[in-house]
Amino acid sequence: MSALTIFNDNDASQPVWDSRDADAIQTALAAIGVRFERWQADRTLSASPSAEEVLAAYQHEIDKLVAEKGYQSWDVISLRADNPQKDALRTKFLSEHTHSEDEVRFFVEGAGLFCLHLNGKIYQILCEKNDLLSVPAGTAHWFDMGSEPHFTAIRLFDNPDGWVAHFTGDAIADAYPKLA
């Protein structure tokens with residue numbers, strides 16, 4: 001189940017707000033300019049779907065976002081627990097960073113934890129299958145895929161170069177709860 005937990009950015013010991021209600025999550029995130037919606041990831045995929053399979057299955061959703069926002073490129077990120085690079089990738093994504101464009105993800109399988117550092121708060125958003133999240137350009141954040149990752153998400157970009165991170169060097173992510 002999707003969840004939003006909010007902490008003060010100087011106190012990881014106690015959340016100031018927590019919800020698993022999609023409408024409440026959407027409202028709380030909209031207040032800080034973050035798009036969160038529940039879509040339908042209802043296409044049947046193979047056990048380890050290729051990027052081509054995922055894109056073909058969800059081209060109708062991609063087309064909606066491209067028409068609405070003018071995205072120039074898209075791809076699929078999919079990680080499983082047996083990926084030999086999972087530890088290195090987790091470490092990379094757990095480093096706080098920003099992007100010069102919105103970070104848009106539509107989860108079609110599994111789950112991941114987006115953590116936004118904004119306005120003196122840490123917003124931990126557990127995204128699961130059916131969740132669409134768009135983090136505004138310039139927002140400091142990190143992503144935790146967990147120690148045993150299992151997720152597939154479609155990523156959309158304004159930039160034809162795709163995912164380009166600008167790391168902040170702040171170790172704040174080390175202080176906050178991780179995805180199991």
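**Exercise 1.** Determine in which element Gly110 has its place, and then describe how accessible Gly110 is and which residues it touches.

*Solution.* Gly110 belongs to strand E6, where helices (H or I, at least four residues) and strands (E, at least two) are DSSP runs numbered from the N terminus. The model is a predicted one, in which local features need pLDDT of at least 70 and side-chain atom pairs count only at pLDDT 80 or more, while totals for chains, interfaces and linings use all residues. Residues are numbered from 1 along each chain as its sequence is written, and side-chain values use heavy atoms, with hydrogens and water left out.

The next step is accessibility, for which buried means under 20% relative accessible area, exposed means over 50%, and partly exposed lies in between (1.4 Å probe, protein chains only). Gly110 has a relative accessibility of 25%, so it counts as partly exposed. For touching, contact means heavy atoms within 4.5 Å; leaving aside residues up to four places away in sequence, Gly110 touches Cys127, Glu128, Lys129, His150 and Phe151.

**Exercise 2.** Work out how many cavities of 30 Å³ or more the structure holds, and state which residues line the largest cavity.

*Solution.* A cavity is defined on a 1 Å grid over the protein atoms alone as a set of points where a 1.4 Å probe fits but cannot get out, and lining residues have an atom within 4 Å of a point. Grid points are joined across faces, edges and corners, and a volume is the space filled by probe spheres set on the points. With these rules, two cavities of 30 Å³ or more are found, and the largest cavity has about 100 Å³ of space.

The lining of the largest cavity consists of Ile77, Phe93, His97, Glu103, Arg105, Phe107, Phe114, Phe143, Phe151, Ala153, Arg155 and Trp163. Two or more of these residues come from each of strand E6 (103-118) and strand E10 (150-157), and E6 gives the most, with four residues. Sorted by class, the lining has eight nonpolar, one polar and three charged residues, where Ala, Val, Leu, Ile, Met, Phe, Trp, Tyr, Cys and Pro count as nonpolar, Asp, Glu, Lys and Arg as charged, and the others, Gly among them, as polar.

**Exercise 3.** Classify the aromatic pairs Phe107 with Phe151 and Phe114 with Phe143, and explain why each ties together separate parts of the sequence.

*Solution.* Rings of Phe, Tyr and Trp (its six-membered ring) pair if their centres lie within 6.5 Å, and planes under 30 degrees apart count as stacked, over 60 as edge-to-face and the rest as tilted. The whole structure has nine aromatic pairs. In one of them, the ring centres of Phe107 and Phe151 are 6.2 Å apart and the planes stand at 50°, so this pair is tilted. Because Phe107 lies in strand E6 and Phe151 in strand E10, the pair ties together parts that are 44 residues apart in sequence. Phe107 is buried at 1% relative accessibility, and Phe151 is buried with a relative accessible area of 2%.

The pair of Phe114 and Phe143 is tilted too, with 4.8 Å from centre to centre and 50° between the planes. Since Phe114 lies in strand E6 and Phe143 in strand E9 (residues 140-144), this pair ties together parts that are 29 residues apart in sequence; both of these residues are buried. Finally, Phe93, Phe107, Phe114, Phe143 and Phe151 form one aromatic cluster.

Notes
1 Å grid on protein atoms, 1.4 Å probe; cavity = no way out; pocket = protein on both sides within 12 Å on 5 of 7 lines; lining within 4 Å.
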